[in-house]
Amino acid sequence: MSSTFRYLAVLLLALALAFAVACGGGGDDDDASDDDLPSDDDNDTDDDDTHGGTDDDTADDDTLVEDPSILDNGLLRVTLDDETGHILDVLDLRKDIRLLDSGLPRDDLAPLGVIRYFGTRFGGATSLHSAREMAGKVRLQSLTDATAQARRDDSSVAQRTRVVFKESLVGSTVAVDLTLREGEPTLFLDATVVHDADLATGVSGVVALEYPVLYGVRSMGGDRRNDRMAVPIESGLEIDDPLSYINALEENAENEFADLQYPDGHSLTLPLLALYSTDSDGGFVLYADDSTWMERRFHLEGLQPAGNAFHINALTVRNFTEDMQLVPGATALTFGLRLAALDHGDWAAAMDVYRDARESANGEDDSVPFGPRLADRSDAERRIAEKMGVSVFGLSGRVDQSAWMDVFHRRFTGFVAGDGVLFTTSWDAHPSGDAFGGDLYAFYQAGWDADFWSPYVGAFETQAATARARGDLVFPFFYDTFVHSGFPDWNGFDKKVLFDPVSPWKEHVIVDTFGQPQPLNLDPAVVPGDVYHVCPADGPVREFNAWRADVLAHGGPDGGSRVIDGLYHDITGSVLPSACFDQFGPAEHTHEAMGYASFLVDGERAMLDDIAQIADGFGVGVENATEAYIGKTAYSHLGLSGDGPYRPRKPFPDGTRDNPQFAPFDRVVMTGRGRPIPMFEYLAHEYGPVRTGGKVQISEEAGDAWYQVAAYNAVTGGLLELIYFNAPVDVFEDIDPDDVDCPKAWPCAFWSGWHDLSSVGLSTPRGWYGQLSNELRFADEGKIAFLQDAIDLRLRLGQGTLTHGRMVAPPLVEGGPGAVSFDYDFYSSITGVGYEHAGTWDADPIVAAAFLDAEGDVLSLFVANADDAPHDVILRLSRDRYPADAVGTTSFDASLAFSGSDDAPTDLGAFDWKDGSVDIDLTLPARSLARVGIAP
C-alpha cells in the first residue's frame with residue numbers, strides 16, 4: 001500500500017469519525033469485543049482494502065494509528081509486512097538493538113505453520129506443515145489497528161495491531177493480537193485459532209500453531225563472538241556465538257536445537273529462550289506467558305552465512321492444545337507469548353523478566369503456580385533444604401553397604417544441629433527382596449497386591465532404619481509411570497501380544513496418534529523388552545500410585561511407622577509423557593481431553609499431591625523437574641548426564657557404538673563454547689525442588705575438574721551429588737573391613753549397575769567391584785575436605801540464603817585467571833561400552849552467585865575458587881540489580897567469611913555507590929569458598 005493511499009484512507013476515516021460524533025454516535029459500539037474474531041463477511045475483501053485500515057467502531061481521533069504495520073511505544077518498535085503479515089523487525093529503541101535482519105527475502109516462508117491430526121477409532125495420522133511448507137497457502141486477510149478497542153478494557157495499552165490469516169491447507173483462521181503497553185519494552189503476542197471446516201470424518205482439527213516465525217535472527221552486538229544464547233537445557237546452558245554454532249550443527253545435520261520441547265524435562269525445563277550480547281549490554285527473551293502447562297517447542301533452524309552475517313533461519317514456537325475433537329467454528333487453540341527487550345546483556349536479566357511475569361500471574365494467591373516458598377513451609381518440608389549437605393545416589397538396597405552409609409554420615413555431618421545425608425538408593429531397593437530373582441526390577445508397575453510391595457526385607461530395611469535413626473534421609477528408587485513387556489510375572493505386557501488380556505495395565509498405557517502404545521527407546525542390552533508409560537491423567541494410575549506410596553512408606557499393607565522419607569521417581573511422568581490419544585486405540589482412560597501436555601501434567605501434579613498426604617515432609621525426588629513441578633517435588637538432579645565434563649559420550653551422530661560422540665548439548669560444555677548457568681534455580685530455588693547436582697564420584701581418579709563442578713553446585717545453592725549408580729562406590733580408608741560382607745579380601749567396593757555378574761559382556765555390571773576389577777577408586781581426602789567446606793558454606797554461612805533464599809543477578813567477576821585446564825576421568829557408564837572418557841577440560845575456576853534472604857533485605861554473595869592456586873578477583877555489583885533494603889541507596893558495609901574457618905568475618909570496609917556500581921576486591925586462597933555479607 002502506498003503512503004499516499006494510506007494517507008487518503010486515514011483522512012477519509014477521520015472525516016467519517018467526525019461525522020459520526022456530530023451525529024451522536026461517538027464512534028463507539030457496545031457490541032464490539034476485543035476477543036471477537038472477524039467473520040468471513042467482515043473480512044472477505046481484497047487485501048488493499050484491509051491493510052492499514054481501521055473500522056469506525058475500533059478507533060477514534062486520538063488513538064488513530066496511521067500505519068498498523070508499525071507498533072511503537074517509544075521503547076520498542078515492531079514492523080510487520082503489510083502484504084504478508086511477517087514480523088520483519090523488532091527494535092529496542094533504548095539500546096538500538098535489532099533482533100531481525102529485515103532485508104532477507106521471505107518469499108518462500110509463510111508467517112506461520114499449522115499441525116493437524118485426523119483419524120478415527122483405532123488409528124489416526126499426523127499432518128505437520130511448517131511455515132516453509134505453508135508458503136503460498138497462508139493469506140493475510142486483514143491487518144488492522146485495534147488500539148482503541150483494546151484501551152476500553154486496558155488503559156495501559158499503547159498500541160495494538162490485529163493480524164488475521166486464512167490458511168487453505170488445513171482450514172483455519174488465525175488471529176494474532178500484537179500489543180505494546182505504555183512503559184514496557186515487551187511485545188505481547190496473543191493468538192487464537194478457529195477451526196473452519198470439518199475436513200474429514202472422525203476426529204479432525206487443528207491442534208498446534210507454529211508462531212511466531214522470527215526469520216533472520218541477527219547478532220545482538222558489534223561482534224557476534226560476544227553474542228550469547230541462554231537456553232534452559234538441564235538447569236541452563238549459556239552458548240557463545242550461538243548463530244554460528246547453530247549454523248554449524250545444521251550444516252552437519254546434527255541440530256538438536258531444531259526441536260526443543262517443554263515440558264519434556266530432558267529437553268527444556270522452562271518455556272523460554274534468550275539472546276543477548278555483552279557488547280551492547282542488551283538483547284531479547286521470548287517466553288510463554290501462562291500456567292496451563294501447554295507443550296511448547298522452540299525450533300531453531302540454521303541458515304548458511306550471507307556475507308559476513310550469520311543468522312538463525314527461523315526461530316519459531318509451536319504451541320499445542322489438548323482437545324482435538326473439533327467442529328467448524330470451534331476455537332482450536334489460544335496462547336500467549338511475550339518478546340521482551342532486556343535491560344542488561346546477561347542471562348539473569350532474561351530470568352528477571354520471566355520470573356516477574358510468572359510471579360505476577362500469581363496475584364495474591366501464592367498457591368499458583370509454584371506454591372508457598374520453602375521458608376513458609378513446615379520444618380519437615382524444609383529439611384532437605386536446611387539440614388542436608390550432600391546427596392549420595394545409588395548405593396545398593398539388596399547388598400549391605402551400611403559401612404559406606406556410616407562413613408558418609410561421619411564425614412559430612414556435624415555442621416549444624418540435626419544435619420544429615422540425603423540417600424537415594426539404587427533401583428534394587430525394592431521391598432520384595434530377591435523373591436523374583438535375578439534382574440526383575442520391581443520399580444515397574446505391577447498389580448494391586450500389597451504382598452508384592454511389602455514387607456521390606458534384608459539389607460534395605462536395616463540400612464534405612466539405621467540411617468534414619470541418625471538423622472539421614474532415605475528415598476528408594478521407583479518409577480511412577482512405567483510398565484515393562486518382558487516380565488509377565490508382574491502382569492506387565494506380553495511382548496509378543498500387544499494387548500495382553502491378563503494385564504491389568506493394558507487399558508492405561510499412553511497411546512499415540514496411530515492407536516498404538518508409545519515405547520521408550522531404551523538399550524535392549526540393558527533393559528530387555530519394551531518399556532511403556534502409563535497415563536498419569538488416568539484415574540486408576542493416580543489411585544495406584546497413591547496406594548503404593550502408602551504401602552511403601554509404612555512397610556506393609558497393615559500400616560505402621562514410617563520406613564522411608566519419600567520416593568525417588570526416575571524418568572517419570574514429571575519429565576516425559578507429553579501426549580495421549582487413548583481414543584485412537586483400545587483404551588478407555590478417564591480423561592476426556594486428548595492431545596498434548598496440560599491434562600497429563602495436571603494428572604501428575606495431582607498424583608504428587610496425593611503422595612505428599614502420606615506424612616508431613618514425605619515427598620518425591622525426580623530426575624529432572626520442569627517448571628510445572630516447582631513446589632511439587634522435593635529434589636531433582638536437574639541434569640541429563642552430569643555436570644562439567646562428567647557426562648557420557650553417545651552413539652551420535654552415526655548411531656554406532658564404535659564411534660561415540662558428545663551430543664551438541666554436551667559438546668557446548670566440553671569444547672568451551674558455553675557453560676552451565678542456574679536458570680532453573682533462579683526461578684525455583686526459594687520454592688523447591690532442591691537441586692542435587694554434579695553426578696560425580698569423590699575419588700582421586702575423578703580429577704581436579706571435580707573441584708570446579710563442586711564449586712559451581714555449592715555457590716548456586718545445590719547439594720553436590722555423589723553417584724554410585726553405574727559406577728563403583730569409592731573406597732574409604734576408615735571403613736572397617738569387618739563391616740563389609742565382601743566375597744573377596746578387603747579392599748573392595750560395590751557397583752550398583754543394571755545387571756548382575758551373570759550378564760556377561762554388559763557395560764554396567766552389578767556386583768562387588770573387587771571381583772570385576774582390581775582398579776579400586778579410593779576416596780580423595782582433598783576432595784573430602786573441599787566438600788566439607790561446601791557443606792559448611794551452605795548450612796552454616798548460607799543458612800537462610802543459600803539454603804532457600806531468592807537468587808538474584810550474580811556479581812560480574814573481573815580479574816582472575818580466566819579459563820584454566822582441569823583434568824578428569826569419567827568412568828560411570830550407564831550408556832554402554834566405550835562411552836567412558838578422560839582428558840582435560842577448560843573452564844573458569846572462579847564461580848560467583850548472589851542470594852537474598854526470605855525477607856528480601858539481606859544480600860549474600862557466594863564465591864569459590866576451584867583452582868589449586870590463589871587468585872585476586874574483583875566482584876562488580878550494579879546498583880539497579882538489587883533492592884535498596886539490601887544494598888542501601890548510597891553505601892553499604894561488606895564482610896568476608898571463608899567456609900571451614902572458625903575465624904570471625906573480616907571487615908572489608910564501606911563501599912559507596914559511584915556511577916551505579918561498586919567493585920569489591922578479594923584474594924581467594926586455593927580451593928576456597930566464601931561468603932561476602934552486605935549490610936546497608
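Ring pairs join Phe393, Phe475, Phe477, Tyr479, Phe482, Tyr568, Tyr635 and Phe725 into a cluster. Here rings of Phe, Tyr and Trp (its six-membered ring) pair if their centres lie within 6.5 Å, with planes under 30 degrees apart counted as stacked, over 60 as edge-to-face and the rest as tilted. The model is a predicted one, in which local features need pLDDT of at least 70 and side-chain atom pairs count only at pLDDT 80 or more, while totals for chains, interfaces and linings use all residues. Residues are numbered from 1 along each chain as its sequence is written, and side-chain values use heavy atoms, with hydrogens and water left out.

In total, the structure holds 28 aromatic pairs. One of them, between Tyr245 and Phe257, is edge-to-face, with 6.3 Å centre to centre and 80 degrees between the planes. This pair links distant parts of the chain, with Tyr245 in helix 5 (residues 242-251) and Phe257, 12 residues apart from it, in the loop between helix 5 and strand 15 (260-262). Helices (H or I, at least four residues) and strands (E, at least two) are DSSP runs, numbered from the N terminus. Tyr245 counts as buried because its relative accessibility is 6%, and Phe257 counts as buried because its value is 0%; buried means under 20% relative accessible area, exposed over 50%, and partly exposed in between (1.4 Å probe, protein chains only).

Phe544 and Trp547 form a tilted pair, 5.8 Å centre to centre with 35 degrees between the planes. These two residues are separated by about one helical turn because they are 3 residues apart in helix 11 (residues 539-554). Phe544 is buried, at 0% relative accessibility, whereas Trp547, at 23%, is partly exposed.

Beyond its neighbours within four places in sequence, Phe257 is in contact (heavy atoms within 4.5 Å) with residues including Met229, Ile233, Tyr245, Leu249, Phe298, Pro664 and Phe665.

Charged groups also meet aromatic rings. Arg777 lies over the face of Tyr827, at 4.0 Å from the ring centre, and the charged end of Arg927 sits over the ring of Tyr707, 3.8 Å from its centre. The criterion is that NZ of Lys or CZ of Arg is within 6 Å of the ring centre and within 35 degrees of the ring normal.

Turning to helix 12 (residues 598-612), its 15 residues reach 21 Å from first to last C-alpha, close to the 21 Å expected at 1.5 Å a residue; the expected span is 1.5 Å times one less than the number of residues. Helix 12 is mostly covered, with 11 of its 15 residues buried, among them Phe599, Leu600, Arg605, Met607 and Ile611. The cover over these buried residues includes helix 11, strand 28 (566-569) and strand 31 (619-622).

Finally, Gly336 lies in strand 20 (residues 331-341) and is buried, at 7% relative accessibility. The C-alpha atoms of Gly336 and Ala288 are 6.1 Å apart, although 48 residues separate them along the chain.
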